[in-house]
Amino acid sequence: MSKLSFVIPCYGSEPTIEIVVHEIIDTLRQRPEYDYEILLVNDCSPDNVWERIRALALSNSRITGINLAKNFGQSSALMAGYRQCTGDFVISLDDDGQTPASELFALVDKIQEGWDVVYASYDHKMHSHFRNFGTWMNEKMTESLLGKPKGLRVTSYFIMQRFILEEILHYQNAYPYIEGLIFRATRHIANVPVTHHNRMVGESGYTLKKLIALWFNGFTAFSVKPLRIATICGTACALLGFCYGIYVVIRKLIDSTIEMGWSSIIASIFFLGGLILVMLGLIGEYIGRIYISINNAPQYTIREIVKLPSPEKKLMTNSFQL
């Protein structure tokens, strides 16, 4: 019997998390040949979602509640759940009901064909224009910097084989980026179409600041291409400056009455100075992340894990006591 592990990072989902969990359980009743577990990771949500998670975990031995000590971000919350799961296949989905748990077997049946990872894809995403733009930017970034195959849709709803999970868990640094870790491990990835639902309540927790942080995390943690781009830009600006200098000298030699332009010089200084500062900031970002990683900053800190013992363990304990 194959076992499915569901890992759900939770933030601001007090009204929806029970609905998502019950939808998973109801769907799994259709295919009793699969065992399962559900891991709910509270990423220090400001609402009372942890109380909901605790109640769910204390009512079902297949549900585990993990409470993080502070907000570490979605990727770190997933890593916390990944390290606790025991399934043959691991499924990640959202806590807001937009990723349809009722269609989970579309992903399961696809990965049974031999794929390493299968992502859900949506014909029409029920996100805001801002969130869709952020998703598009993330797609382009992963294509150009992380080597994502063109045409592959990457979403937060996906399933992966156990050996891919084991490879991901080798990553110990403070800036995990799940897509980067997956693309580093395999290219045998597929899509399967599912329906994207409307958000049940509230709005997305991804602000512009968080989206920018996500992009920075992606391309600084798993690629040195930005540094190479910086080198190319610096070289191009140096060549342009050299050519412009030759042009100014020749022009002055041809016509000695031409006065040197103060405005053009200041504009050049501002442009080159800004470019230099951007490049230094990029290099500083890499160095800062190296420094934090050397100091062994944690991916996450678990405050509490709530889980009922399984019926088998209860039976063994009672037998031992007798």
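Trainee: How many aromatic pairs does a search of the whole structure find?
Mentor: This is a predicted model, and the search through the whole of it turns up two aromatic pairs. In one, the ring centres of Y34 and F105 are 5.7 Å apart with the planes at 45°, so that pair is tilted.

Trainee: Where do Y34 and F105 lie?
Mentor: Y34 is in the loop between α1 and β2, while F105 belongs to helix α4 (residues 104-111), so the pair ties together parts that are 71 residues apart in sequence.

Trainee: Are Y34 and F105 buried or exposed?
Mentor: Y34 and F105 are both buried.

Trainee: And what about the rings of Y119 and F158, how far apart are their centres?
Mentor: Those centres are 5.1 Å apart, and with the planes at 45° the pair counts as tilted. Y119 sits in strand β5 (residues 117-122) and F158 in strand β6 (residues 158-161), so this pair links parts 39 residues apart in sequence. Y119 and F158 are both buried.

Trainee: Back to F105, which residue lies over the face of its ring?
Mentor: That's R31, at 4.5 Å from the ring centre. R31 also forms a salt bridge with E33, where the closest N and O atoms are 2.8 Å apart. R31 is partly exposed, at 22% relative accessibility, and E33 is partly exposed too, at 40%.

Trainee: Good, salt bridges then. How many are found in the whole structure?
Mentor: The search gives 10. One of them joins the side chains of D26 and R29, at 2.5 Å from N to O. D26 is partly exposed, with a relative accessible area of 44%, whereas R29 is exposed at 59%. There is also a network of salt bridges linking E14, E18 and R52.

Trainee: Which residue does R62 form a salt bridge with?
Mentor: With D35, and the closest N and O atoms are 3.2 Å apart. R62 is in the loop between α2 (49-59) and β3 (63-68) and D35 is in strand β2 (residues 35-42), so the bridge ties together parts 27 residues apart in sequence.

Trainee: Since you mention α2, which of its residues are buried?
Mentor: V49, W50, I53, L56 and A57 are buried there. Viewed down the helix axis they fall within an arc of 125°, so they line one face of α2.

Trainee: What covers those buried residues of α2?
Mentor: The cover includes β1 (3-10), α1 (17-28), β2, β3 and β8 (302-307).

How values were computed:
Residues are numbered from 1 along each chain as its sequence is written. This is a predicted model: local features need pLDDT of at least 70, side-chain atom pairs count only at pLDDT 80 or more; totals for chains, interfaces and linings use all residues. Side-chain values use heavy atoms; hydrogens and water are left out. A salt bridge is a side-chain nitrogen of Lys or Arg within 4 Å of a carboxyl oxygen of Asp or Glu. Buried means under 20% relative accessible area, exposed over 50%, partly exposed in between (1.4 Å probe, protein chains only). Helices (H or I, at least four residues) and strands (E, at least two) are DSSP runs, numbered from the N terminus. The arc is that of the directions from the helix axis to the C-beta atoms. Contact means heavy atoms within 4.5 Å. Rings of Phe, Tyr and Trp (its six-membered ring) pair if their centres lie within 6.5 Å; planes under 30 degrees apart count as stacked, over 60 as edge-to-face and the rest as tilted. A charge sits over a ring if NZ of Lys or CZ of Arg is within 6 Å of the ring centre and within 35 degrees of the ring normal.
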